[in-house]
Amino acid sequence: MAIRRAKQKAQVIEKLSQVAPAGETFIACVHAESGPSPWLNAIFDDIPVVGLVVALTRKFYFLTLTNTSIVVNSANRFTNRPGEVVAVFPREAFPVSRIKRATVWSSMYVQLPGQSKPGRLNVHRYWRTELDQLIEAFPHAAVFQGTIPAQATAQTADKV
């Protein structure tokens, strides 16, 4: 089970390298989990069975920024190893909205294939550096909430 960020990123890059076109450069990799705010786990865990149900309904993903696209692939719930590719989006067409860069748990809403509406993805501050690189690549249509990196703000303002 990979615990260190560098090892997780290496596993994701190894997995994606098998299917990526020649010359693809991997820039950043972020681990995310679906579902409600992880802060609510403290409340859910106090209610019998509810905490377990919420934990089992969460899905885990890796968002990988490359020189041409943003790749979303699943992550194993228990070992955190990268799984199958869920979706690949061109960098300028990544369907993201309501980005909130918070102190501990940042969130964004991403429209994944097969979902009727955008789903919430939560990113822990452990992945902050990579998240900032990912945010810089988001299309200008993304709506930011909270504190965002200065570079992302400047890039978004230039595109508008």
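Rings of Phe, Tyr and Trp (its six-membered ring) are taken as a pair if their centres lie within 6.5 Å; planes under 30 degrees apart count as stacked, over 60 as edge-to-face and the rest as tilted. The model is predicted, so local features need pLDDT of at least 70 and side-chain atom pairs count only at pLDDT 80 or more, while totals for chains, interfaces and linings use all residues. Residues are numbered from 1 along each chain as its sequence is written, and side-chain values use heavy atoms, with hydrogens and water left out.

Four aromatic pairs are found in a search of the whole structure. The Phe94 and Phe138 rings are stacked, because their centres are 5.3 Å apart and their planes are at 20°. Phe94 lies in the loop between β4 (82–90) and β5 (96–101) and Phe138 in the loop between α4 and β8 (144–146), so this pair ties together parts 44 residues apart in sequence. Helices (H or I, at least four residues) and strands (E, at least two) are DSSP runs, numbered from the N terminus. Phe94 is buried at a relative accessible area of 2%, and Phe138 is buried at 3%; buried means under 20% relative accessible area, exposed over 50%, and partly exposed in between (1.4 Å probe, protein chains only).

One aromatic cluster is formed by Phe62, Tyr126 and Trp127. Trp127 is buried, with a relative accessible area of 4%, whereas Tyr126 is partly exposed at 36% relative accessibility.

Asp132 is located in helix α4 (residues 128–137) and counts as buried, at 15% relative accessibility.
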